[in-house]
Amino acid sequence: YAQQARAFLNKTLAIHDYRVGLRYGKARHDRHQRTLAHLFSPDGDNIQTLLLRQGLAQAIAHPPSVAFADCYAQQEQLARCVDVGIWSHAQHAAVDVDELTADSTGFRRISGRIDRVSRSNTGFWLSMAALLIHVNQQDLAYFDATDLPSLAGQRVIVRGWLQPAHKKSAKKQGYGRTAKYFVRIRHPLAIEISGAGIEAKC
């Protein structure tokens with residue numbers, strides 16, 4: 001849906017002769033020095049919400065710039081409830097953790113049961129079969145730390161950038177299993193409890 005999103009964005013911006021306003025969050029650039037900002041039309045429309053409502057994007061909370069995180073999650077919810085855009089196709093559904101392969105990289109939504117939750121000096125570690133989920137110490141301010149241990153035994157959907165698990169972390173946190181995959185979640189909106197998440201609110 002990248003081409004459809006690009007076409008929708010061009011059409012939306014063309015209405016205002018490509019004039020936009022930027023609202024910066026607490027961080028103006030990511031680690032690759034790309035600009036981070038919320039895009040607004042001259043009429044005050046939040047461009048991200050328009051894309052999300054059409055099912056042409058997914059909501060991502062990027063600390064510390066999370067001022068609109070709840071709003072973006074709500075707009076995604078509206079699109080998912082009516083199966084519009086990317087949500088109308090099965091390939092964009094959450095992939096089961098047991099179906100991950102070596103080619104399963106990049107931004108993903110992954111479903112499975114949390115086997116165990118532990119804490120170390122670097123934050124919380126959640127084990128889900130071959131997937132290792134990390135909530136870094138510096139991101140705990142966005143979470144209710146008392147809620148994280150209660151996730152053990154629950155089925156959840158996590159979203160984030162999937163990558164091969166670091167061997168040292170896999171050995172340390174695998175609890176007898178080999179953790180093949182790793183994802184870091186930085187905000188509570190990156191994890192949904194199955195049955196109590198977006199689908200249940202439609």
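Tyr18 sits in the loop between H1 and E1, where helices (H or I, at least four residues) and strands (E, at least two) are DSSP runs numbered from the N terminus. Tyr18 has a positive phi of about 60 degrees although it is not a glycine. Asp17 is placed in the loop between H1 and strand E1 (21–29), and its phi, near 55 degrees, is positive too. At a relative accessible area of 60%, Asp17 is exposed; buried means under 20%, exposed over 50% and partly exposed in between, with a 1.4 Å probe and protein chains only. Most residues other than glycine have a negative phi, and most peptide bonds are trans. The bond from Pro63 to Pro64 is cis, with omega near 10 degrees, and Pro64 belongs to the loop between H2 and H3.

This is a predicted model, in which local features need pLDDT of at least 70 and side-chain atom pairs count only at pLDDT 80 or more, while totals for chains, interfaces and linings use all residues. Residues are numbered from 1 along each chain as its sequence is written, and side-chain values use heavy atoms, with hydrogens and water left out.

Next comes helix H1. H1 (residues 2–14) has 13 residues and reaches 18 Å from its first C-alpha to its last, close to the expected 18 Å, a span worked out as 1.5 Å times one less than the number of residues. Its buried residues are Ala5, Thr12 and Leu13. Seen down the axis of H1, these fall within an arc of 95 degrees, so they line one face of the helix; the arc is that of the directions from the helix axis to the C-beta atoms.

Ala57 is found in the loop between H2 and helix H3 (69–81). Ala57 and Ala5 are 52 residues apart along the chain, yet their C-alpha atoms are separated by 7.6 Å. Ala57 counts as partly exposed because its relative accessibility is 23%. Leaving aside neighbours within four places in sequence, Ala57 is in contact with Leu51, Leu52, Ile86 and Trp87, contact meaning heavy atoms within 4.5 Å.

Trp87 turns up again with a charge: the charged end of Arg80 sits over its ring, 5.1 Å from the centre. The charged end of Arg28 likewise sits over the ring of Tyr24, 3.9 Å from its centre. Such a call requires NZ of Lys or CZ of Arg within 6 Å of the ring centre and within 35 degrees of the ring normal.

As for ring against ring, the structure holds four aromatic pairs. Rings of Phe, Tyr and Trp (its six-membered ring) pair if their centres lie within 6.5 Å; planes under 30 degrees apart count as stacked, over 60 as edge-to-face and the rest as tilted. Phe107 and Trp161 make an edge-to-face pair, 4.8 Å centre to centre with 70 degrees between the planes. That pair links distant parts of the chain, with Phe107 in strand E4 (residues 106–113) and Trp161 in strand E8 (residues 155–164), 54 residues apart. Elsewhere, ring pairs link Phe40, Phe68 and Tyr72 into a cluster.

The largest nonpolar core has 26 residues, and Ile110, Leu126, Leu131 and Ile133 have the most contacts inside it.

Conventions
Core = buried A, V, L, I, M, F, W, Y, C linked by side-chain atoms within 4.5 Å.
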